[in-house]
Amino acid sequence: MKYCAFLRGVNVKGTNMKMVDVCRVFKEAGMDHVSSVLASGNIVFSSDRPAEELKIVLEAAMSSYFSYEAFLFIKSQEETSLFWSSIPFEKHPDFHIYGFVGLHGIEEVLLDEFNKSAKADNEKAEVINGLFYWQVPKGNTLDSTFGKVLGKKTLKDKFTSRNVNTFEKILKIMH
């Protein structure tokens with residue numbers, strides 16, 4: 001089975017790691033066909049084990065090797081493909097579109113937080129196929145009210161986000 005592990009908090013706020021080292025940790029934990037996509041913590045690999053078990057094993061291996069509290073979200077090739085095929089917003093050069101990878105049910109928590117936040121012009125969010133997407137004007141990602149919500153410590157173990165173009169790059173490597 002092909003999977004992608006989406007790591008949270010990689011190469012931000014002092015948590016720096018080289019993807020070659022991350023791949024080594026995955027291989028030493030028993031994963032096959034391991035490769036990284038971009039430097040933001042996207043690891044494509046194969047395993048016969050179920051995703052729930054892989055999450056526990058890989059979080060422990062990453063936490064031990066890098067001496068930090070690792071959070072990662074494991075999605076199958078089919079699940080990863082859904083992130084790319086379900087994008088509800090039309091791509092536009094003035095906007096970023098993010099897809100959120102996380103625990104089951106996090107999309108409703110995120111939508112609730114988004115609905116309570118102040119919004120920039122044309123800032124939107126939508127849940128499609130159980131996946132949360134956020135469109136934000138370029139340059140406003142970190143300044144937006146919702147963007148600040150994303151850094152809440154209470155949510156750190158529940159999700160991570162990626163620019164939707166990242167899903168396309170991951171799928172090219174998975175195929």
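Here is a guided walk through the structure shown above, from its overall build to some individual residues.

Keep in mind that this is a predicted model, in which local features need pLDDT of at least 70, side-chain atom pairs count only at pLDDT 80 or more, and totals for chains, interfaces and linings use all residues. Residues are numbered from 1 along each chain as its sequence is written, and side-chain values use heavy atoms, with hydrogens and water left out.

Let's start with the overall build. The protein has 6 helices and 8 strands, where helices (H or I, at least four residues) and strands (E, at least two) are DSSP runs numbered from the N terminus. Reading from the N terminus, the order of elements is β-α-β-β-α-β-α-β-α-β-β-α-β-α. The radius of gyration of the protein is 16 Å, close to the 16 Å that the globule rule gives for 175 residues, so the protein is as compact as a globular protein of that length. That radius is taken over C-alpha atoms, and the globule rule is 2.2 Å times the number of residues to the power 0.38. Taken along the principal axes, the box filled by the C-alpha atoms is roughly 45 × 30 × 30 Å.

How much of the protein is buried? Of its 175 residues, 47% count as buried; here buried means under 20% relative accessible area, exposed means over 50%, and partly exposed is in between (1.4 Å probe, protein chains only). The accessible surface of the protein comes to about 8900 Å², and 51% of this belongs to carbon and sulfur atoms. Such areas come from the Shrake-Rupley method with a 1.4 Å probe, and for residues only the protein chains shown count as cover.

Contacts tell you how the chain comes together. Among contacts (heavy atoms within 4.5 Å) between residues at least 6 apart in sequence, 68% join residues at least 24 apart. As for charge, there are 22 positive and 22 negative side chains, and the centres of the two sets lie 6 Å apart. In this count Lys and Arg are positive and Asp and Glu negative, while His and the chain ends are not counted; each charge is placed at NZ of Lys, CZ of Arg, CG of Asp or CD of Glu.

Now turn to helix H1, which spans residues 19–28. Its buried residues are Met 19, Asp 21, Val 22, Cys 23, Val 25 and Phe 26. They pack against strands E1 (2–7), E2 (32–36), E3 (42–46) and E4 (72–76), and against helix H2 (51–66). Asp 21 is an acidic member of this group, buried with a relative accessible area of 18%. Leaving aside neighbours within four places in sequence, Asp 21 is in contact with Tyr 65 and Phe 66. After H1 comes Gly 30, whose phi is positive, near 100°.

Helix H2 also holds Ala 61, which is partly exposed at a relative accessible area of 21%. Not counting residues up to four places away in sequence, Ala 61 touches Val 25 and Ala 29. The C-alpha atoms of Ala 61 and Glu 28 are separated by 8.7 Å, although the two residues are 33 apart along the chain.

A disulfide is a pair of cysteine sulfur atoms within 2.5 Å, and the structure holds 0 disulfides. Cys 4 is buried, with a relative accessible area of 0%, and Cys 23 counts as buried at 9%.

Cys 4 also turns up among the contacts of Ile 170, a residue of helix H6 (residues 164–174). Ile 170 is buried, with a relative accessible area of 0%. Beyond neighbours within four places in sequence, its contacts are Cys 4, Phe 6, Val 37, Asn 42, Val 44 and Thr 80.

Finally, look at two loop residues. In the loop between H2 and E4 sits Ser 67, a residue other than glycine with a positive phi near 55°; Ser 67 is exposed, with a relative accessible area of 66%. Asn 122, in the loop between helix H4 (106–116) and strand E6 (124–128), has a positive phi of about 65° although it is not a glycine. Asn 122 is partly exposed, with a relative accessible area of 48%.
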